[in-house]
Amino acid sequence: MTTTMLRSRLENRWNSLKYLDEKSKIDLITMLSMSLSQKRKKKSVSASKFYGIWGDDGMSDAEFAEFLKEQRTFNQEIVEL
């Protein structure tokens, strides 16, 4: 998202929030502050988790591509007009 788009979104939100009463604004500030202070857990996934997922079936790349093409099915019926 570009800076201009982000700025535009923020201005749109501000236009709806600026008329809130003082207590609501303070509550909103508190919620925003709490969301910033919460530590975000980063999920990391090891590539080794996917090791061997396809298995070694002995097919070459070309054979595997041909196999995939043969397995395709189409559920659309062509109707002549």
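Helices (H or I, at least four residues) and strands (E, at least two) were taken as DSSP runs and numbered from the N terminus. The model is predicted: local features need pLDDT of at least 70, side-chain atom pairs count only at pLDDT 80 or more, and totals for chains, interfaces and linings use all residues. Residues are numbered from 1 along each chain as its sequence is written, and side-chain values use heavy atoms, with hydrogens and water left out.

The chain holds three helices and zero strands. Read from the N terminus, the order of elements is α-α-α. Burial was assigned by relative accessible area: buried is under 20%, exposed is over 50%, and partly exposed lies in between (1.4 Å probe, protein chains only). By this criterion, buried residues account for 0% of the 81 residues. Accessible areas come from the Shrake-Rupley method with a 1.4 Å probe; for residues, only the protein chains shown count as cover. The accessible surface of the chain is about 8,900 Å². Carbon and sulfur atoms contribute 57% of that surface.

Helix 1 covers residues 3-17 and includes leucine 6. Leucine 6 is partly exposed because its relative accessibility is 43%. Leucine 6 also belongs to a nonpolar patch on the surface, together with Met1, Met5 and Leu10. Patches consist of residues with over 30% relative accessible area and no salt bridge; like charges are joined within 9 Å, and nonpolar side chains (Val, Leu, Ile, Met, Phe, Trp, Tyr) within 5 Å. The four members of the patch have about 430 Å² of accessible area together.

Salt bridges were defined as a side-chain nitrogen of Lys or Arg within 4 Å of a carboxyl oxygen of Asp or Glu. The whole structure contains two. One joins glutamate 11 to arginine 7, with the closest N and O atoms 3.2 Å apart. Both residues lie in helix 1, four residues apart, about one turn of the helix. Glutamate 11 is partly exposed at 40% relative accessible area. Arginine 7 is exposed, at 52%.

The other salt bridge links the side chains of aspartate 27 and lysine 23, at 3.0 Å from N to O. This pair lies in helix 2, again with a spacing of four residues, about one turn of the helix. Aspartate 27 counts as partly exposed at 33% relative accessibility. Lysine 23 reaches 56% and is therefore exposed. Lysine 23 has a further contact at the start of helix 2: a side-chain oxygen of aspartate 21 comes to within 3.3 Å of its backbone nitrogen.

Helix 2 spans residues 22-37 and contains leucine 28. Leucine 28 is partly exposed, with a relative accessible area of 27%. Its C-alpha lies 9.5 Å from that of leucine 17, eleven residues away in sequence.

Definitions and conventions: Polar contact = N/O pair within 3.5 Å; in protein donor to acceptor, adjacent residues only side chain to side chain.
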